[in-house]
Amino acid sequence: MEEGETMTLRFLTAGESHGPALSVILDGIPAGLPLNEDILARDLTRRQQGLGAGARMKLEHDRARILGGVMAGVTTGAPLALLIENADHARWKGKDIPPFTTPRPGHADLSGALKYGYRDLRPALERASARETAARVAVGAVCRHLLGQFGIQVGGYVVSIGGVESRLEGMPYAERIARALESDVSCPDAQAAEDMRAAIRTVMQARDTLGGVIEVAALNVPPGLGSYAQWDRRLEARIGAALLSVPAIKGVEFGPAFANTRLPGTQVHDPIRLEGERIIRTGNRSGGLEGGITNGEPLVVRAAMKPIATTLTPQPTVDLAQGVETETRYERSDFCPVPRAVVILEAMLAFVLTDALLEKLGGDSLAEILPRFERLRQARLSDLPMDGTPHRFWEDA
Ligand SMILES: Cc1cc2nc3c(=O)[nH]c(=O)nc-3n(C[C@H](O)[C@H](O)[C@H](O)COP(=O)(O)O)c2cc1C
Ligand SMILES: C=C(O[C@@H]1CC(C(=O)O)=C[C@@H](OP(=O)(O)O)[C@H]1O)C(=O)O
C-alpha cells in the first residue's frame, strides 16, 4: 500500500460473560510483527488485578490463544483471531439458571430487554458485561506492541477514586505510568493511593460501589496523526468514541478541558517557541491535539467511570415477572473496578493510535512502514520551508 493510502484497522468481538469463550478478529495489522501469546498475557493479567475487584477475577486466568494471522511467530498481514476462554463457564454449563427479572438501575438489564424483547434479563447482562473488555485488552496488547516498534508508549493511571484526588503536578508522564504499574490501585501518588485503598474498603463495608477518573497518555507520538478534514477523522472524536465505548465510562476530556473553560484564552493555549531550530511548546493544556491532529506533545485524555450498578445494598426496581415494585437482588460483582479499567482504556487508546499511524504511513509490512516513520515531518523549522510570498488562493474558475 502507498503512503497515505487508508486501510482501516478494525476489530469485532463476540462472546458472553459466562459462555464458553470470548473471541475477537483484529484486521489490518501489517505483516512482520513478531507476536506470541506471552506478549498478550501481561495486559490481560493487569485487567484482572487491582483492589476493588470482585470474586470472578480470582476464578479467571485470562490468556489469549492466537488462532490465526501469526505463522512462525510473526504476523502475516492476515486477520488475527484470538480466543479467551471463560473458566466460569464450567459452573454454568448444563444447569437450569433461575430467571432474572429484577433489572438493576444503571446496568443494561432493562434497556437491553426493552430493545430486544427478552423474557429473561440474562442475555442483556451477558453481553453488556465488561467481561468483553478482556478481548479488547488482547487487541490493545497487539497494538501496544506495534506502537512500541516506533517508540510510542501508551500508559495510564488512576487520578481519583470517589472523593480522593491524587496530586501529580510536576511528575513526568513516564514516571506516573511506571509508578501506577506498582500500585494495587494504579495510582502514582503514594499518599492518594493509601487514601484510595481506605475509600474502597469503606465503600465495600458500606455495601456500595465507587467510581473514579482515569488518565491515559501516549508518549513519543509523532505530529500529524488524525485530521480536521472530516468530522470523523478528528482524533479527539475517534479517541473519545473509543473510550466512551468502555462500559461505565461516561465522560472524557482532553488535557484539562473542563478546567480550561474557567480560564481566559491567553492562559489556556500552549505557547509556541523555538529551541534552536526545534519548534517547542511550553505547556500542554491542549492534551497533545490541535485541530484533531497530534502536535507532537504527549497525548493526554481523562475518562470518568461511574460507580458500578450492582450494589450489595438493594436499590429500587420492579419485578417484571410479578409486576410489582421491589428491590434489586445481589449476585456477585466488583466494588470499584476503576484500577483494573486503566488497561482497558490504554487498549482503546492504543487501538485508535495504531489505526491513525497506519493511516498516516500506509504499508502492508513493518519493513515497509518503519522507514516511512523515520521520514515523518517533525516540528523543526527545516521541515516547514515557507518563503513568505503572497498566494492568490481563490480565482474564478
Ligand atoms: C472493568 C469493568 C468491570 C465492571 N464490573 C462491573 C460489575 O462487577 N458490576 C456491574 O454492575 N457493573 C460492572 N461494570 C460496568 C457495567 O458493565 C456497565 O455499567 C453496564 O454494562 C452498563 O453500561 P454503561 O454503564 O456503560 O451504561 C464494569 C465495567 C468495567 C469497565
Ligand atoms: C467478568 C468480568 O467482569 C465482570 C463485569 C461485570 C459487569 O457487569 O460488567 C460483572 C461481573 O461479572 P460476574 O457476575 O461474572 O462476576 C464482573 O466480574 C471481567 O472483567 O472479566
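View 1. Ala309 comes out as partly exposed, because 19 other C-beta atoms lie within 10 Å, in a model that is predicted. Look for Ala309 in the loop between β15 and β16 (316-319). Setting aside residues up to four places away in sequence, Ala309 touches Arg104, Pro105, Gly106 and His107.

**View 2. The UniProt "binding site" positions that include Ala309.** An unreviewed UniProt entry lists Arg127, Ala128, Ser129, Gly291, Lys306, Pro307, Ile308, Ala309, Thr310 and Arg332 under "binding site". Take Arg127, which sits in helix α5 (residues 122-128).

View 3. Arg47 is part of helix α1 (residues 37-48). With 27 other C-beta atoms within 10 Å, Arg47 is buried. Who are the contacts of Arg47, leaving aside neighbours within four places in sequence? They are Thr133, Ala134, Val137, Arg340, Val343 and Ile344.

**View 4. The shell around ligand 2.** Ligand 2 is surrounded by 14 residues, and the closest are Arg56, Ser129, Ala130, Arg131 and Arg332. Sorted by class, this shell has six charged, four polar and four nonpolar residues.

View 5. Helix α8 (residues 190-205) has 16 residues and reaches 23 Å from its first C-alpha to its last, close to the 22 Å expected at 1.5 Å a residue. Buried in α8 are Ala192, Ala193, Met196, Ala199 and Ile200. Down the axis of α8, those buried residues fall within an arc of 120 degrees, so they line one face of the helix. On the face turned away from the buried side you'll find the exposed residues Ala190, Gln191, Ala198, Thr202 and Gln205. Just after α8 comes Arg207, which takes a positive phi of about 60 degrees.

**View 6. Helix α9 and its packing partners.** In helix α9 (residues 235-244), the buried residues are Leu235, Glu236, Ile239, Ala242 and Leu243. These cover an arc of only 135 degrees around the axis, which puts them on the same side of α9. They pack against a whole list of elements: β10 (249-254), β13 (289-290), β14 (293-294), β15 (299-305) and α11 (338-361).

**View 7. Ser245, in the loop between α9 and β10.** Why does Ser245 count as exposed? Because Ser245 has 11 C-beta neighbours inside 10 Å, and a residue is called exposed at 12 or fewer. To get your bearings along the chain, compare Ser245 with Leu376: the two are 131 residues apart, and their C-alpha atoms are separated by 31 Å.

Terms used
Residues numbered from 1 in each chain as written. Chains lettered and ligands numbered in written order. Predicted model: local features only at pLDDT ≥ 70, side-chain atom pairs only at ≥ 80, totals over all residues. Helix = DSSP H or I, 4+ residues; strand = E, 2+ residues; numbered from the N terminus. Expected span 1.5 Å × (residues − 1). Buried ≥ 20, exposed ≤ 12 C-beta atoms within 10 Å, placed from the backbone. Arc of directions from axis to C-beta. Near = placed C-beta within 6 Å. Nonpolar A, V, L, I, M, F, W, Y, C, P; charged D, E, K, R; others polar. Contact = placed C-beta atoms within 7 Å. UniProt positions renumbered as here; feature names shortened; annotations may be inferred.
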